[in-house]
Amino acid sequence: MDTDAQLSERDRSPAPDQGPEHRSRSARFLAALAGLRFRPVTLFAICLAFLLLLSAFVVQPFLIPSSSMENTLKIGDRVLVNKLAYRFGGEPRRGDVIVFDGTGSFVHRESEENPVAGLLRGAGAALGLARPADTDYVKRVIGIGGDRVTCCDKRGRIEVNGKPVMEGYVYPGNAPSSVPFDIVVPQGKLWVMGDHRARSRDSRDHLGEAGGGTVPVDKVIGRADWISWPFSRWTGIDRPPAFDAVPAPAGPHG
């Protein structure tokens, strides 16, 4: 038989048997993978790590600790904070409900929390199971960089860039503000207020402090987009139309 015929016959031959030893190793590997599927501790650790990563970078549950945003948000509500809302060039808009770190704007003291307790509380807060840090706040954006925000006009309404804002989300019976103010929001900063104006410590309470009560945009953790708990209050948090008619800031010489 010539060489070409021999090669052709070899090409047509089936793959050699891998043998019982190789099959045994494969079976042991598959059995090990299957075994992982039924180990509760391993599953719990994987799920916990996934949830913490999701909370750190994408969406974080946030437990509402106070009445400052009633009736929009109530004590004990869990809201889902969209951490990607402003990640790729987006900026907070008037009317957004945001969660932010108030360090340097609303809080000017060092935390006295025990480091270990802080770590455990932080993990619980990241899953929406514990109160957030004392430096984290949830408020509504009223003015953005360049806006002139004043209170109040003759009818008791807040004005933004000279336009009265009809704030239908304010807690029933509350005035838009009992504190008069007139501020031009610096670029890169936000003027924020709670919806329950009579019970909210917000930008108005920090006018005489560093930053004038405004919050740096880079301290915003994310936008509250959804009430996820309790199920009876499961709903989206929409941006209200109250600011639709507000004109753009007049500029540095306006």
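A salt bridge is counted here where a side-chain nitrogen of Lys or Arg lies within 4 Å of a carboxyl oxygen of Asp or Glu. The model is predicted, and local features need pLDDT of at least 70, side-chain atom pairs count only at pLDDT 80 or more, and totals for chains, interfaces and linings use all residues. Residues are numbered from 1 along each chain as its sequence is written, and side-chain values use heavy atoms, with hydrogens and water left out.

Across the whole structure, eleven salt bridges were found. One of them links D153 and R157, with an N to O distance of 2.9 Å. Both D153 and R157 are buried (buried means under 20% relative accessible area, exposed over 50%, and partly exposed in between, with a 1.4 Å probe and protein chains only). R204 pairs with D202, and the closest N and O atoms are 2.8 Å apart. R204 is buried at a relative accessible area of 9%, and D202 is buried at 0%. In the salt bridge between D205 and R201, the closest N and O atoms are 3.9 Å apart. D205 is partly exposed, at 34%, while R201 is exposed, at 53%.

Two cis peptide bonds were noted in loops. The bond from E70 to N71 is cis, with omega near 0 degrees, and N71 is placed in the loop between β1 (59-63) and β2 (78-82) (strands are DSSP runs of E, at least two residues, numbered from the N terminus). The bond joining C151 and C152 is also cis, with omega about 0 degrees, and C152 belongs to the loop between β5 (148-151) and β6 (159-160). In the loop between β6 and β7 (163-164) lies N161. This residue has a positive phi of about 55 degrees although it is not a glycine, and N161 counts as buried at 18% relative accessibility.

On the surface, W226, W229, F231 and W234 form a nonpolar patch with about 500 Å² of accessible area together. Such patches are made of residues with over 30% relative accessible area and no salt bridge, with nonpolar side chains (Val, Leu, Ile, Met, Phe, Trp, Tyr) joined within 5 Å and like charges within 9 Å; accessible areas come from the Shrake-Rupley method with a 1.4 Å probe, and for residues only the protein chains shown count as cover. Within this group, W229 lies in strand β11 (residues 220-229) and is partly exposed, with a relative accessible area of 42%.

Terms used
Helix = DSSP H or I, 4+ residues; strand = E, 2+ residues; numbered from the N terminus.
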